[in-house]
Amino acid sequence: MKFDFDAPVERSGTWSTRWERHAGQDVIPLWVADTDFRAAPAILQSLSRRVEHGVFGYSTPPPELRAAIVERMASLYRWRIDPSWIVFTPGVVPGLHLAARQLIPPDGHALIPRPVYHHFRRAMELAPRAFSELPLVLEHGRWVFDLDALRNTKATAFFLCNPQNPCGTVFRRAELERLAELSRDMLIVSDEIHCDLVLEKALQHVPIASLSSEISRRSVTLMSANKTFNIPSAGCGWAIIEDAALRKAFSAEVGGHVIGSPSVFGLAATLAALTEGGEWLAAQLEYLRGNRDLVEKEIGFPMAHVEATYLAWVDCSKLKDAADRLLEKGVAVYPGAQFGEPGFVRLNFGTQRTLLAEALRRIRTASTPSPRG
């Protein structure tokens, strides 16, 4: 089946967070991390069947969805998990906050990456729990952890983002083994929401918990189809937690207490995505590779090669107030300060290529001095 990712989709007036902020302005919004692609046909058909049924009461995650996750972990990663290890949430972000509140003791201390998706920091601040930031450094064109900093830091928990947001790194097996070794006395909480968005054909995502039984027993792995299949508003994620005590503590506020269960639409969309969305996903990855290559060729600013995600981490340190400057040129991006690095911006290239090309044209003009009036 052919999927047309070039087809424009009108998102204005659809309550889109990304598009409504600059409604009525000549601004191309490349900030919030969702895409401008219609969901896979199998997902649309599944949601249509639920709407046709007409009853949207409280819903329980179906056994078929647990089975699909178990099968997916085994087939993609050779990771054998038990269905009972799965705890469903509305998404990965609630999982980060639950882990901070429920799994780190009040006198504990967490390590989080820098730069990283801002909810890592917010989870610690709101819990509240003490934390330190573990810097990533640019080595041979890839953003990787400063292992000396990890070696010299004592903590209760280590929070990982793999593939890494916003840097686009896919951590190799050997790198993950070293991280696990250096954090051997710590709980590991791993955000792996971008695991299906590996753009490099030669690379393979490796869940850190899949490395060994010892690592699995001290790990919480957070996953979702929300990013990969562009269904975040449907809302469904899950945590994979082998250790029964950790699982019970994590689940204390889930399912009708503080954190609600996934919606019936999230459950239906996720099941369809995992069982019938493979062909669409392969086509999307090929399209995103083309977009990634275009960004790296035309952006006009330094950036590391994007191994995964549809997010570019761009070094705009030579441009004062870069995000504001780009907005003046008609492109909205996330300022790097939100991720812990003010000199950068994060750009979402999950959009139609014609629109992306226009955005890149505008961005290149930002480094050109404005003519004097």
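Pockets, a cavity and a buried arginine

Modeller: In this predicted model, helix H11 gives the most to the lining of the second largest pocket, with 5 residues.

Biologist: What makes a residue part of a lining?

Modeller: A lining residue has an atom within 4 Å of a point of the space. By that test 17 residues line the second largest pocket, and the closest to its centre are Leu76, Cys195, Asp196, Leu281 and Leu285. Helix H3 and helix H11 (278–298) each supply at least two residues of this lining. The volume of the second largest pocket is about 290 Å³.

Biologist: How is the lining of the second largest pocket divided by class?

Modeller: There are 9 nonpolar, 3 polar and 5 charged residues. Leu counts as nonpolar and Asp as charged, so Leu76 and Asp196 fall into those two classes.

Biologist: What is the volume of the largest pocket, then?

Modeller: The largest pocket holds about 1,100 Å³. Its lining has 40 residues, with Asp34, Asn230, Ile231, Pro232 and Ser233 nearest the centre. By class that lining has 18 nonpolar, 13 polar and 9 charged residues.

Biologist: Why is a space called a cavity and not a pocket?

Modeller: A pocket is open, whereas in a cavity a 1.4 Å probe fits but cannot get out. Searching the whole structure gives 1 cavity of 30 Å³ or more. The largest cavity has about 50 Å³ of space. Helix H3 (63–77) and strand E8 (219–224) are the elements that give two or more residues to its lining. The largest share, 3 residues, comes from H3.

Biologist: Which residues line the largest cavity?

Modeller: Among them are Arg72, Met73, Tyr77, Asp196 and Trp238. The lining of the largest cavity has 7 nonpolar, 1 polar and 2 charged residues. Arg and Asp count as charged, so Arg72 and Asp196 belong to the charged class.

Biologist: Why does arginine 18 count as buried?

Modeller: Buried means under 20% relative accessible area. Arginine 18 has 1% relative accessibility, so arginine 18 is buried. This residue lies in helix H1 (residues 17–20).

Key. Residues numbered from 1 in each chain as written. Predicted model: local features only at pLDDT ≥ 70, side-chain atom pairs only at ≥ 80, totals over all residues. Heavy atoms only, no water. 1 Å grid on protein atoms, 1.4 Å probe; cavity = no way out; pocket = protein on both sides within 12 Å on 5 of 7 lines; lining within 4 Å. Points joined across faces, edges and corners; volume = space filled by probe spheres on them. Helix = DSSP H or I, 4+ residues; strand = E, 2+ residues; numbered from the N terminus. Buried < 20%, exposed > 50% of the residue type's maximum accessible area, 1.4 Å probe, protein only.
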